[in-house]
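Dear colleague,

I am passing on the structure we spoke about, with the sequence alongside. My notes on what was found follow below, and I would be glad if you read them with the structure open.

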Amino acid sequence: MHKQKIIECLNRSETEFSDMAQKIWEHPQIAYEETFACHLQSTTLKERGFQISAIDGMDTAFIAEYGKGTPIIGILGEYDALQGLSQKVSPVKEEVTPDGFGHGCGHNLLGTAGVEAVLALKEVMEKENLEGTIRYYGCPAEEVLSGKTFMARAGVFDDLDCALTWHPGTSNEAMNKSLQALVSVKFHFQGIPAHAAAAPHAGRSALDAAELMNTGANYLREHVLDGSRIHYTITNGGDAPNIVPEKASVWYFLRAANKKEVDHMLERLKKIAQGAALMTETEVSSDILASSYETLPNAALNDVMFQNMKEWNHMNFSDEEQRFAQALVQSIRSEREAEKENVLSVECINDKSEKGQSFPASTDVGDVSWITPTGSVFTTCAPAGVQLHSWQATASFGSTIGFKGMHLAARTMALSAYDLLQNEDIVAEAKKEFQISTKGQSYVPGIPNDVKPPALHV
């Protein structure tokens with residue numbers, strides 16, 4: 001059985017890729033600075049016969065390709081960490097580096113599973129002389145929701161027939177919900193400095209403008225669609241209390257069920273900023289940092305991924321892993337509450353009634369899903385009750401619990417990509433569903449053409 005050959009390849013390589021995931025976990029780097037993971041993964045793939053391509057202007061992005069002809073199947077990887085989530089593999093809070101970086105979203109696992117999957121698939125494709133092309137995309141900066149948008153703007157996903165991805169989670173399930181569209185935008189106010197005591201009348205406070213804008217944004221919350229979100233933080237509020245602030249900046253995230261609504265919210269927010277500038281006699285400008293689409297779930301692909309995940313799921317956790325998981329949950333909830341449930345889920349779930357429901361989180365995978373049919377699953381890499389972007393998540397994603405979930409994801413993607421290479425009907429059905437979901441709307445990158453990816457700081 002050909003799928004059994006893929007499983008044998010994956011089983012042989014589990015230790016290698018657990019080691020890769022651990023090394024990336026031990027060398028966390030934030031958006032656009034992921035040199036360690038990018039080099040480790042691209043070098044590994046190049047040494048195993050993949051052709052590596054760089055992407056102009058993106059130092060920590062790459063494409064690894066093997067095969068020829070169609071279909072062209074992409075597997076998406078990520079590897080950026082988060083600020084302030086440094087943590088040991090411990091059930092109590094213990095930073096490795098004070099206020100350091102940490103993989104609290106499990107991207108040390110996410111990208112590694114993709115590398116694991118394409119290498120096993122390549123081995124079987126070679127033996128079977130199987131037609132088709134597989135690609136692994138090393139994608140930076142998912143945490144700031146712009147890496148794949150810049151890649152999409154460069155056209156690197158345009159010829160894909162399908163894409164597959166996954167995310168570490170607390171259950172094994174097909175991702176049928178739609179993650180929200182998002183805009184990340186900074187507003188900069190320019191005022192006039194003056195002595196705050198001797199000559200306040202001569203000054204025009206940029207901070208006043210920023211605070212008035214935030215007040216207006218808070219009133220806007222009442223007049224947006226249910227489920228929409230407006231978050232902000234003042235990133236520059238002036239230099240000293242005795243100086244009327246000449247400059248002030250505020251950073252906003254806007255989220256909604258779809259990009260059309262997010263764009264509408266952005267236009268309204270810009271008017272609020274202009275009003276604040278008018279009230280304070282200051283000037284305002286803005287910069288779009290990220291603009292990602294909502295994800296379009298594809299049932300045809302999700303069903304294939306779910307069936308492979310369910311059929312080849314032999315996940316089990318040791319008593320030691322169960323105790324570690326319980327201890328992590330107890331750090332969040334009471335011991336009695338933690339003991340009420342089995343916190344490490346091995347069941348596989350495919351709730352089709354959730355298709356299209358808006359889920360309150362965002363990802364730049366949404367951009368890819370508007371270019372090509374995209375399938376996605378979660379696997380159990382942390383105990384139920386642990387939230388992403390927490391120290392408990394960092395601890396779990398650096399443990400054998402996380403590695404086991406990663407290997408299930410690798411199996412799911414490798415076997416599903418094999419199905420797509422073998423069965424043109426699945427690809428055709430996924431494309432038909434994609435056309436219905438997009439309603440014929442073409443993808444247009446949300447980040448303006450004059451905005452460049454951040455340069456690598458070395």
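**What was found**

UniProt lists residues 182–274 as "domain: Peptidase M20 dimerisation", in an entry that is unreviewed. Please keep in mind that the model is a predicted one. Within it, the span of residues 182–274 is 33% helix and 29% strand, and its end C-alpha atoms lie 21 Å apart.

Turning to the chain as a whole, its secondary structure amounts to 13 helices and 14 strands. The radius of gyration is 23 Å, close to the 23 Å that the globule rule gives for 458 residues, so the chain is as compact as a globular protein of that length. Along the principal axes, the C-alpha atoms fill a box of roughly 85 × 50 × 45 Å. Of the 458 residues, 55% are buried, and the accessible surface comes to about 19700 Å², with 50% of it belonging to carbon and sulfur atoms. Where contacts join residues at least 6 apart in sequence, 81% of them are between residues at least 24 apart.

Because 20 of the 23 residues of α12 are buried, the helix is largely enclosed by the rest of the structure. At the start of α12, a side-chain oxygen of S399 comes to within 3.2 Å of the backbone nitrogen of I401.

With best wishes

Key:
Residues are numbered from 1 along each chain as its sequence is written. This is a predicted model: local features need pLDDT of at least 70, side-chain atom pairs count only at pLDDT 80 or more; totals for chains, interfaces and linings use all residues. Side-chain values use heavy atoms; hydrogens and water are left out. UniProt positions are given in the numbering used here, feature names are shortened, and annotations may be inferred rather than shown by experiment. Helices (H or I, at least four residues) and strands (E, at least two) are DSSP runs, numbered from the N terminus. Buried means under 20% relative accessible area, exposed over 50%, partly exposed in between (1.4 Å probe, protein chains only). A polar contact is a pair of N or O atoms within 3.5 Å; within protein, one must be able to donate a hydrogen and the other to accept it, and residues adjacent in sequence count only if both atoms are side-chain atoms. The radius of gyration is taken over C-alpha atoms; the globule rule is 2.2 Å times the number of residues to the power 0.38. Contact means heavy atoms within 4.5 Å. Accessible areas come from the Shrake-Rupley method with a 1.4 Å probe; for residues, only the protein chains shown count as cover.
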